[in-house]
Amino acid sequence: MTQKSLRRIAVKIGSNVLTRKDGTLDITRMSSIVDQVAELHRRGMEIILISSGAVASGRSELRLSQSLDSVSARQLYSAVGQAKLINRYYELFRDHGIACGQILTTKENFSTRRHYLNQKHCMDVMLANNVIPIVNENDTVSVTELMFTDNDELSGLIASMMGMQALIILSNIDGVYDGDPFSPGTRLISDIHDAADASGCIAKSKSSAGRGGMATKYRIACKVASEGIAVIIANGKRDDILLDLMDKKNTVPHTLFHAAATPTSSVKKWIAHSEGFAKGSITVNEGAAEAMLAPTRASLLPVGVTAIDGDFEKDDIVRVVDADGKVIAWGRTSYKSDDARKLMGGRGGRPLIHSDYLYIDD
Ligand SMILES: Nc1ncnc2c1ncn2[C@@H]1O[C@H](COP(=O)(O)OP(=O)(O)O)[C@@H](O)[C@H]1O
Ligand SMILES: N[C@@H](CCC(=O)OP(=O)(O)O)C(=O)O
């Protein structure tokens with residue numbers, strides 16, 4: 001994959017890429033990454049940055065007299081650190097004559113189709129006006145129970161929402177190793193074509209300032225690649241890593257998650273990343289489950305529904321579970337829950353969930 005084939009990319013920058021060993025913000029590294037993004041921007045590429053580093057940067061700014069609980073620490077450090085982070089980005093990009101803008105978001109901002117499209121619209125307008133969006137989770141107001149696992153999850157959602165051609169995840173390691181990367185004898189995996197390729201290699205360990213670890217990266221990378229978006233995990237601490245990935249292709253150590261040949265539709269991408277917002281559950285019988293999971297992916301007809309739990313409106317996201325209670329799909333419902341209950345088990349009627357709005361996590 002080279003820059004020539006890419007016009008729209010998302011780049012996620014992990015905390016450890018932007019943090020020095022003493023915990024302070026690595027301005028030198030930030031400047032180097034901004035220089036590379038500016039060069040790609042000059043070549044006509046549309047780029048969205050998802051940048052961690054707010055909490056790490058804020059922690060190094062403050063000398064607290066007493067220890068804080070984890071929520072207070074996250075809120076305080078991110079409030080101070082994000083101000084410092086975005087200010088640096090603003091000044092560094094301005095030195096290149098490029099405008100950047102801050103997008104602070106929370107998982108709630110993706111909870112309905114309307115919220116999702118509103119968020120998308122903001123970044124569409126920014127890109128159309130040559131402004132580089134710099135996205136981060138708003139840790140000051142995000143509710144612990146409804147946070148992104150980390151910015152790897154957020155970056156996958158953004159790449160999917162914005163229809164980017166590739167997502168580059170810059171971490172503090174060259175990519176996915178076939179074991180503990182710090183153990184002798186393990187090697188870097190350059191290509192991943194299927195989620196099963198290396199799932200057994202991922203240790204729960206993570207670096208000092210990281211939140212999600214490689215396990216999250218791997219899960220998100222496989223999901224986004226299955227939607228038709230190439231994903232690269234590479235080492236953000238390598239000089240010129242972005243330009244080398246674009247121009248020198250295979251000479252730079254990295255892990256490439258190959259994009260699925262058939263891209264997922266934009267509405268299915270929204271559904272795929274909305275599983276956490278399901279407003280209800282629909283239980284289906286064996287015949288309906290088989291029809292929906294078949295290669296032809298049938299729509300869910302009322303006749304195959306055996307139970308409906310929860311209250312939902314038309315166009316909400318719902319879970320589909322089989323007779324054993326196992327989640328087999330998510331979808332956008334064509335009826336509100338009261339009407340769906342009236343149709344449940346009966347023949348005729350429009351599909352409860354049309355196959356175009358059905359996402360099955362293969
Ligand atoms: N199989 C693996 N290959 C590469 N890194 C791994 C693997 N298993 C665990 N890791 C750990 O995951 C870390 C990267 O995740 P994380 O700490 O969240 O970084 P970031 O700040 O970039 O999100 C690596 O530094 C490494 O310690
Ligand atoms: N919003 C947080 C994101 C933390 C995070 O996801 O960190 P990482 O796993 O290093 O990408 C921050 O800016 O510190």
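Modeller: Before the sheets, one definition: two strands are said to pair if DSSP finds at least two bridges between them. Bear in mind too that this is a predicted model. With that in place, strand E1 (residues 8–13) and E5 are joined by five bridges and run parallel, and Ala10 stands opposite Leu167 in E5.

Colleague: And on the E7 side, how many bridges join E5 to strand E7, and in which sense do they run, parallel or antiparallel?

Modeller: Six bridges join E5 to strand E7 (residues 230–235), and the two run parallel. One of the bridge pairs there is Ala166 with Ala230, the latter lying in E7.

Colleague: Which sheet are these strands part of, and what is its order?

Modeller: They belong to an open sheet of eight strands, ordered E3-E4-E2-E1-E5-E7-E8-E6, in which the pairing is mixed. The edges are taken by strand E3 (99–105) and strand E6 (191–192), each of which has a single partner strand, so one side of each is left without a neighbour in the sheet.

Colleague: What does E6 pair with, then?

Modeller: E6 pairs with strand E8 (residues 255–257) in the parallel sense, over two bridges, and the bridge partner of Ile192 is Phe257 in E8.

Colleague: Back to E5: how many of its residues are buried?

Modeller: Strand E5 (residues 166–171) is mostly covered, with six of its six residues buried. As background, in a regular strand the side chains alternate between the two faces of the sheet. In E5, Ala166, Ile168 and Leu170 point one way while Leu167, Ile169 and Ser171 point the other way, and all of them are buried.

Colleague: Switching to helices, at what angle do H1 and H3 pack?

Modeller: Helix H1 (residues 27–42) and helix H3 (residues 70–94) pack at an angle of about 45°, with their axes 10 Å apart, and H1 and H3 are therefore oblique to each other. Their crossing is right-handed. On the H1 side the contact is made by Ile27, Met30, Ser31, Val34, Val37 and Ala38, and on the H3 side by Leu85, Arg88, Tyr89, Leu92 and Phe93. The residues of this contact of H1 with H3 divide into nine nonpolar, one polar and one charged.

Colleague: And how is H2 placed against H3?

Modeller: Helix H2 (residues 54–61) packs on H3 at an angle of about 95°, with the axes 6 Å apart, which makes H2 roughly perpendicular to H3. From H2 the contact involves Ala54, Val55, Ser57, Gly58, Arg59 and Glu61, and from H3 it involves Arg74, Tyr77, Ser78, Val80, Gly81, Gln82, Lys84 and Leu85. The residues of the contact of H2 with H3 divide into five nonpolar, five polar and four charged.

Colleague: Now some single residues. Where is Lys269, and is it buried or exposed?

Modeller: Lys269 is in helix H8 (residues 266–272). Lys269 counts as buried because its relative accessible area is 10%, and buried means under 20%. Leaving aside neighbours within four places in sequence, Lys269 is in contact with Tyr116, Ser160, Gly163, Glu227, Ile229 and Thr264.

Colleague: What about Gln119, what is it in contact with?

Modeller: Gln119 is found in helix H4 (residues 113–128) and is buried, with a relative accessible area of 11%. Apart from neighbours within four places in sequence, Gln119 is in contact with Ile103, Thr105, Asn109, Phe110 and Met161.

Colleague: Last one: where is Asn151, and what does it touch?

Modeller: Asn151 is found in helix H5 (residues 151–161) and is buried, its relative accessible area being 7%. Not counting residues up to four places away in sequence, Asn151 touches Lys12, Ile50, Ser51, Ser52, Asn136 and Glu137.

Notes. Residues are numbered from 1 along each chain as its sequence is written. Chains are lettered from A and ligands numbered from 1 in the order in which they are written. This is a predicted model: local features need pLDDT of at least 70, side-chain atom pairs count only at pLDDT 80 or more; totals for chains, interfaces and linings use all residues. Side-chain values use heavy atoms; hydrogens and water are left out. Axes are lines fitted to C-alpha atoms, for helices over the stretch in contact, and angles run from 0 to 180 degrees between N-to-C directions. Helices (H or I, at least four residues) and strands (E, at least two) are DSSP runs, numbered from the N terminus. Angles under 35 degrees count as roughly parallel, over 145 as roughly antiparallel, 65 to 115 as roughly perpendicular and the rest as oblique. A crossing is left-handed if the near helix is turned anticlockwise from the far one by less than a right angle, and right-handed if clockwise. Contact means heavy atoms within 4.5 Å. Ala, Val, Leu, Ile, Met, Phe, Trp, Tyr, Cys and Pro count as nonpolar, Asp, Glu, Lys and Arg as charged, and the others, Gly among them, as polar. Buried means under 20% relative accessible area, exposed over 50%, partly exposed in between (1.4 Å probe, protein chains only).
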